[in-house]
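Open the model in your viewer and get ready to select residues.

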Amino acid sequence: MAGNGENAAWAVPGRGFLEVACDESGSDGENLTGGNTDVFAHASVRLPVESAATHVQEVRDRIRSPASEYKANHLLREKHRAVLEWLLAPAGPIHGNAQVHLIEKAYFVVDRAVDLLLGDAADALGLYRAGRREFGDELWREFLTAANQLLRVRNDGAPQEPVDAFFRTVQVLRRADCRTEVAETLDRLAMSRSRADSYRTRLVDGPTLIPVLNPLLPAIVNTAAFWSAGGRSVRLVHDRQNMLTPERIAWIEETARRAGIGFGGLRLVHSVLDPRVQLADFLAGIARRIASDELNGQGDPALTALLRPYVDPASIWGDERSWAVLERTRAQERSPVR
């Protein structure tokens with residue numbers, strides 16, 4: 001990626017790795033189909049602390065809000081459009097030094113359900129793209145909701161009710177039209193009840209270390225993969241999150257190493273104390289809004305064009321139309337780590 005003249009300062013002196021600061025936007029826990037947002041964004045910034053502080057201060061000077069802490073919403077207000085465009089522009093302060101990993105939540109649910117029940121996620125994209133077209137919004141929404149309930153850890157009803165509800169929905173889809181291009185996938189899902197029962201039994205027996213539906217953990221692994229692609233080891237500095245317990249950080253590190261990612265560890269900080277994390281927070285919130293608008297057919301072409309250079313090609317995105325305008329062309333792409 002082309003830089004803006006500050007690239008010589010990414011490396012941590014004498015330690016042999018890049019230090020990249022991260023934050024997220026769009027976290028609704030495990031409620032991915034009925035929450036407040038339909039996109040999850042994990043942003044990362046590689047800049048020296050001093051440079052990041054200067055850029056954050058310039059944002060404040062340009063917006064001139066009395067707020068003690070600035071968030072992405074400040075930049076997304078129409079009256080601050082010029083500041084938003086300056087931040088993302090090719091000549092702006094973070095271009096070439098920032099990245100955002102996007103996750104379309106509804107597709108993530110289908111991807112995780114297919115992977116759990118069929119042993120791999122190979123058929124998830126075809127099922128997702130054909131689902132609404134073949135079955136209509138109402139039936140497809142019922143399927144997404146049932147899949148979400150099946151996978152989420154929390155369940156306030158009978159232990160097996162999410163399993164029953166999911167397979168009832170699968171049968172409804174099968175009856176709706178057995179001639180669809182996804183009929184075979186639905187048939188295989190219908191025969192996967194034993195896997196679903198085993199999964200729910202494990203959840204009843206005790207809490208799981210890695211919730212299947214939480215997008216933050218795979219997003220962090222993918223962020224490390226992105227920045228280490230050139231052969232350097234990367235260390236992530238991340239805004240504090242309740243999800244990031246020592247045990248889960250250990251899982252992230254082990255998963256990254258198994259995938260051949262040069263990962264030097266994860267350090268948690270308070271965002272207000274690290275201006276690099278504040279810039280990542282800006283980018284995450286901005287990217288989530290722009291991507292969500294595109295997903296819902298309400299995109300702003302100028303803002304989407306400005307965001308495109310930051311989008312990780314390995315983002316987990318199922319909607320074909322919106323991805324065609326969000327996707328950044330890259331000579332060497334990689335598969336996402338889920």
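**Stop 1: the largest pocket**

Select helix α5, residues 124–151: seven of its residues line the largest pocket, the largest share of that lining. Keep in mind that this model is predicted. The pocket has a volume of about 450 Å³. Now pick Glu104, Tyr128, Arg132, Leu295 and Asp319. Of the 20 lining residues, these are the closest to the pocket's centre. Colour the lining by class: six residues are nonpolar, six polar and eight charged.

**Stop 2: α5 against α6**

How do the two run? The crossing is left-handed. Show the side chains where they touch. On α5, look for residues including Phe135, Trp140 and Phe143. On α6, the contact residues include Val163, Phe166 and Leu173. By class, this contact has 15 nonpolar residues, two polar and one charged.

**Stop 3: α9 against α10**

Next, select helix α9, residues 216–227, and helix α10, residues 246–258. Their axes come within 10 Å and cross at roughly 45 degrees. The two helices are therefore oblique to each other. Here α9 passes α10 in a right-handed crossing. Which residues make the contact? From α9, select Leu217, Ile220 and Val221. From α10, select Arg248, Trp251, Ile252, Thr255 and Ala256. Six of the contact residues are nonpolar, one is polar and one is charged.

Methods: Residues are numbered from 1 along each chain as its sequence is written. This is a predicted model: local features need pLDDT of at least 70, side-chain atom pairs count only at pLDDT 80 or more; totals for chains, interfaces and linings use all residues. Side-chain values use heavy atoms; hydrogens and water are left out. On a 1 Å grid over the protein atoms alone, a cavity is a set of points where a 1.4 Å probe fits but cannot get out, and a pocket is an open set with protein on both sides within 12 Å along at least five of seven lines; lining residues have an atom within 4 Å of a point. Grid points are joined across faces, edges and corners, and a volume is the space filled by probe spheres set on the points. Helices (H or I, at least four residues) and strands (E, at least two) are DSSP runs, numbered from the N terminus. Ala, Val, Leu, Ile, Met, Phe, Trp, Tyr, Cys and Pro count as nonpolar, Asp, Glu, Lys and Arg as charged, and the others, Gly among them, as polar. A crossing is left-handed if the near helix is turned anticlockwise from the far one by less than a right angle, and right-handed if clockwise. Contact means heavy atoms within 4.5 Å. Axes are lines fitted to C-alpha atoms, for helices over the stretch in contact, and angles run from 0 to 180 degrees between N-to-C directions. Angles under 35 degrees count as roughly parallel, over 145 as roughly antiparallel, 65 to 115 as roughly perpendicular and the rest as oblique.
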